[in-house]
Amino acid sequence: MAALNLARLIAAAADTIAANAEELTALDQAIGDGDHGLNMKRGFEAVRAEVEAFSAKPLPDALKAIGTKLVMTVGGASGPLFGTLFLALGKEISAKPDRANLTAAFGKAIEAVAARGKSQIGQKTMLDVLQPVHDALLQGKTALEIADIADAAADATVPMKALRGRASFLGDRSIGHMDAGARSTALLVRTVAHSLGESA
């Protein structure tokens, strides 16, 4: 796996979320509260503001600190869910992870998100991107292949009926719209993939 420059990755993630905040808000306006883009942007800007402190920590501690910051600053349902992803990843990952450790840690993090959200695959949530990404890691896909898989998985939420979150209140009317959380997850996966490059 390529060496991880955490400071650069944090900056790239914050840039990506900021650049796509309006799209995420539009997606969320269709079937949610309409605040996903703004909330995610606020959270990742808060992480960026402490990039020096986070990047000075060992990777497990950095990920847990980032998770805590996201819980505190993103708000809504997304804060606890994205925060849980980072917190659980930090709990399971080693300071210098190889692919096997990363894959195992990511699997545990997905389980934590599912438990926190009381959700499962197929319910039109971020899990519908996270699980295919984990499967791709297990299959030995390259980082950029995984990014494409994440994008396709987000697209695949469009025909789904939402069974969790505010979108679930819409019933069949949630069909035909991409889940905002799935989209933001795919954006972050692509950011990580580009940071790690083809050797990941």
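**Stop 1: a salt bridge across the chain**

Select E23 and R183: the two form a salt bridge, with the closest N and O atoms 2.9 Å apart. This pair links distant parts of the chain, since E23 sits in helix α2 (residues 21–31) and R183 in helix α10, 160 residues apart. Keep in mind that the model is predicted. Colour by accessibility next. E23 is partly exposed at 30% relative accessibility. R183 is buried, with a relative accessible area of 18%, which puts R183 under the 20% cut-off.

Now widen the selection to E23, D148, D151, R183 and R190. A network of salt bridges links these residues. Side chains of opposite charge can pair when their charged atoms come close.

**Stop 2: beside the bridge**

Is N20 buried or exposed? At 18% relative accessibility, N20 counts as buried. Leaving out residues up to four places away in sequence, N20 touches R183 and L187.

Move on to L187, in helix α10. L187 is buried too, with a relative accessible area of 9%. Show the contacts of L187 beyond four places in sequence. They are T16, N20 and L24.

**Stop 3**

How many salt bridges does the structure hold? The structure holds eight. Select D15 and R48 for another of them, where the closest N and O atoms are 2.8 Å apart. This pair also links distant parts of the chain: D15 is in helix α1 (residues 6–19) and R48 in helix α3 (residues 36–49), 33 residues apart. D15 is partly exposed at 44% relative accessibility. R48 is partly exposed at 25%.

Then select K64 and D61. Their side chains meet in a salt bridge at 3.9 Å, N to O. The two are three residues apart in helix α5 (residues 59–73), so about one helical turn separates them. K64 is partly exposed at 33% relative accessibility, and D61 is partly exposed at 37%.

**Stop 4: where two helices cross**

Show helix α8 (residues 127–138) and helix α10 (residues 180–196) as cartoons. Their axes come within 8 Å and cross at roughly 35°. Turn on side chains. V129, L130 and V133 in α8 meet A182, T185, A186 and V189 in α10. By class, this contact has six nonpolar residues, one polar and no charged.

Stay on L130. Which residues does L130 contact, leaving aside its neighbours within four places in sequence? They are L85, F106, I110, V113 and T185.

Zoom out to the largest nonpolar core, which has 50 residues. L130 is among those with the most contacts inside the core, along with F44, L70, F106 and V129.

**Stop 5: helix α7**

Select residues 99–117. This is helix α7, with 19 residues. From first C-alpha to last, α7 reaches 27 Å, close to the 27 Å expected at 1.5 Å a residue.

Which residues of α7 are buried? They are N101, L102, T103, A105, F106, G107, A109, I110 and V113.

**Stop 6: the loop after α7**

Step just past the end of α7 to K118, which takes a positive phi of about 50°. K118 is not a glycine. The residue lies in the loop between α7 and α8. K118 is exposed, with a relative accessible area of 63%.

K124 has a positive phi of about 65° although it is not a glycine. Is K124 buried or exposed? At 1% relative accessibility, K124 counts as buried.

How values were computed
Residues numbered from 1 in each chain as written. Predicted model: local features only at pLDDT ≥ 70, side-chain atom pairs only at ≥ 80, totals over all residues. Heavy atoms only, no water. Core = buried A, V, L, I, M, F, W, Y, C linked by side-chain atoms within 4.5 Å. Buried < 20%, exposed > 50% of the residue type's maximum accessible area, 1.4 Å probe, protein only. Contact = heavy atoms within 4.5 Å. Axes fitted to C-alpha atoms, helices over the stretch in contact; angles between N-to-C directions. Helix = DSSP H or I, 4+ residues; strand = E, 2+ residues; numbered from the N terminus. Nonpolar A, V, L, I, M, F, W, Y, C, P; charged D, E, K, R; others polar. Expected span 1.5 Å × (residues − 1). Salt bridge = Lys/Arg side-chain N within 4 Å of Asp/Glu carboxyl O.
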